[in-house]
Amino acid sequence: MNISRRGLFGAAGVAAATAAGAAVNSSAAVAGTVPAAATGRPVRAGADIAAGDKWRILSGRRVGVITNPTGVLDDFTSIVDDMIARGVDLRAVFGPEHGFRGTAQAGEAEETFTDPRTGVTVYDAYGATVTKLAGFFTTAAIDTVVFDIRDVGVRFYTYIWTMWTAMQAASQVGGLRFIVLDRPNPLGGRARGPVLQQGYTSGVGLLEISQQHGMTVGELARFFNATFMERAGQQKLTDLQVVKATGWHRQMVGPDQADRWIPPSPNMPTPQTATLYPGTGMVEATDWSEGRGTTRPFELIGAPYLDHRWAEALNARNLPGVQFREAYFTPISSKNQGKVCGGVQVHIIDAEKVDAIEVGTHMLVEARRIYPEFAWRGDGGRWIGLLTGSGRFQQQLEAGASAAEIIAAWQPELQRFRDDTEPHLLYGGPR
């Protein structure tokens with residue numbers, strides 16, 4: 001997912017968040033009570049639960065849906081198509097980055113159009129401000145907003161910020177029901193990495209959450225509503241409902257759900273990609289290729305000046321769950337297009353043991369130690385600050401800190417985040 005987002009540093013990015021505040025009671029966030037239907041599948045998404053109940057949660061409501069190609073039922077039918085077929089009064093669809101039907105590339109969206117399959121108006125919600133999105137809700141005359149998108153569990157993946165903006169817009173309009181059709185987090189339920197700090201908000205991080213947040217979108221919605229809504233100048237949502245997924249627990253990671261995987265964005269083709277993305281996504285801040293323009297984005301990492309020494313140094317670290325293969329490739333697009341890049345392919349040996357942010361940290365530390373050519377992507381390191389949530393990572397790296405020292409620095413804030421989010425969790429398992 002290209003995080004050189006359209007309009008990233010404009011009003012849509014910065015205005016949606018304000019200074020940090022204390023956590024508040026989450027009593028306004030209510031989990032949905034739609035009953036589960038019998039199934040042979042061990043894991044069922046919230047959308048399947050609601051559809052199995054014949055969408056009664058939407059009975060008599062004027063509905064707008066925020067979704068993309070991942071918003072499907074167990075038989076891969078789009079929830080929008082199913083709602084229309086079952087007579088739901090669906091007034092509008094709101095498309096995030098890449099669009100409702102997924103036709104747009106990274107950093108792009110589908111312009112507002114009429115969906116030829118359903119006849120429903122699809123609004124371009126990517127990069128929309130709270131006020132603009134509230135205007136869409138009013139124009140569409142909806143009284144219920146439904147959110148159903150597969151997230152990949154990383155702070156700099158933009159779909160959760162579309163949800164946060166939509167929650168504020170629903171509050172601004174007033175009287176709207178907000179329903180999250182929950183889905184498993186493909187990274188599992190463990191929170192990892194540094195927490196965003198004040199002064200580093202952007203379109204790839206609007207609120208103070210950890211880099212790998214370890215929550216489902218339903219849990220995040222509860223946390224956002226309780227903790228940040230009033231700080232953002234909005235009233236907390238009084239009708240927030242989460243239709244829980246069933247059969248999922250926090251120990252489950254992406255490969256457990258590989259048979260149901262739909263790429264949530266063009267450069268997130270597999271669960272393995274998502275497993276590594278919280279760490280190898282930091283490569284976006286360097287002049288290296290992060291594997292865009294290859295068949296293995298965020299798994300193949302390289303640059304013209306990297307060579308066999310990098311893989312050797314990384315394998316010597318014996319990092320849990322991964323091995324590094326010396327690799328050479330030529331990206332057909334994005335950074336280093338048409339250039340032969342040396343580097344590594346990161347192979348997942350045991351997904352349950354992978355801490356991708358630690359892996360990414362070791363990759364950056366070792367490369368900077370070995371190669372004097374190491375460089376940021378042309379912004380002096382500004383982007384690594386936005387991705388990691390503060391200036392500390394860059395400062396430590398450039399000062400020659402070890403990976404262990406860098407990782408140790410974020411542990412206190414990470415533990416506070418785990419403690420703060422605990423009351424809003426809906427699924428069992430370790431954090």
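Q: Is Asn-318 buried or exposed?
A: Asn-318 is exposed, because its relative accessible area is 64% (exposed means over 50%, buried under 20%, and partly exposed in between, using a 1.4 Å probe and protein chains only). Bear in mind that this is a predicted model, where local features need pLDDT of at least 70, side-chain atom pairs count only at pLDDT 80 or more, and totals for chains, interfaces and linings use all residues. Residues are numbered from 1 along each chain as its sequence is written, and side-chain values use heavy atoms, with hydrogens and water left out.

Q: Thanks. Where does Asn-318 sit, and what is its phi?
A: Asn-318 is in the loop between α8 (308-315) and β12 (322-329). Its phi is positive, about 50°, although Asn-318 is not a glycine. Helices here are DSSP runs of H or I with at least four residues, strands are runs of E with at least two, and both are numbered from the N terminus.

Q: What about Ala-141, what is its phi and where is it?
A: Ala-141 has a phi near 55°, a positive value in a residue other than glycine. It lies in the loop between α4 (130-140) and β6 (144-148). Ala-141 counts as partly exposed because its relative accessibility is 34%.

Q: Switching to the inside: which residues have the most contacts in the largest nonpolar core?
A: Those are Phe-178, Phe-224 and Trp-288, in a core of 106 residues. Helix α5 (residues 159-173) gives the largest share of this core, 9 residues. There is also a second, separate core of 23 residues, which includes Ala-50, Trp-55, Met-83 and Val-122. A nonpolar core here is a set of buried Ala, Val, Leu, Ile, Met, Phe, Trp, Tyr and Cys residues joined through side-chain atoms within 4.5 Å.

Q: You mentioned Phe-224. How many residues of helix α6 are buried?
A: In helix α6 (residues 217-227), 11 of its 11 residues are buried. Phe-224 is one of them, and the buried residues also include Glu-219, Arg-222 and Asn-225.

Q: Okay, helix packing now. At what angle do α7 and α9 pack?
A: Helix α7 (residues 271-280) and helix α9 (residues 356-370) pack at about 50°, with their axes 6 Å apart. That makes α7 oblique to α9. Axes are lines fitted to C-alpha atoms, for helices over the stretch in contact, and angles run from 0 to 180 degrees between N-to-C directions. Under 35 degrees counts as roughly parallel, over 145 as roughly antiparallel, 65 to 115 as roughly perpendicular, and the rest as oblique.

Q: And which residues make that contact?
A: From α7 they are Thr-275, Leu-276, Pro-278, Gly-279 and Thr-280, and from α9 they are Ala-356, Ile-357, Gly-360 and Met-363. Contact means heavy atoms within 4.5 Å.

Q: Another tyrosine: what does Tyr-371 touch?
A: Leaving out residues up to four places away in sequence, Tyr-371 touches Tyr-305, Leu-306, Asp-307, Arg-309 and Trp-310. Tyr-371 lies in the loop between α9 and α10 (382-388), and it counts as buried because its relative accessibility is 1%.
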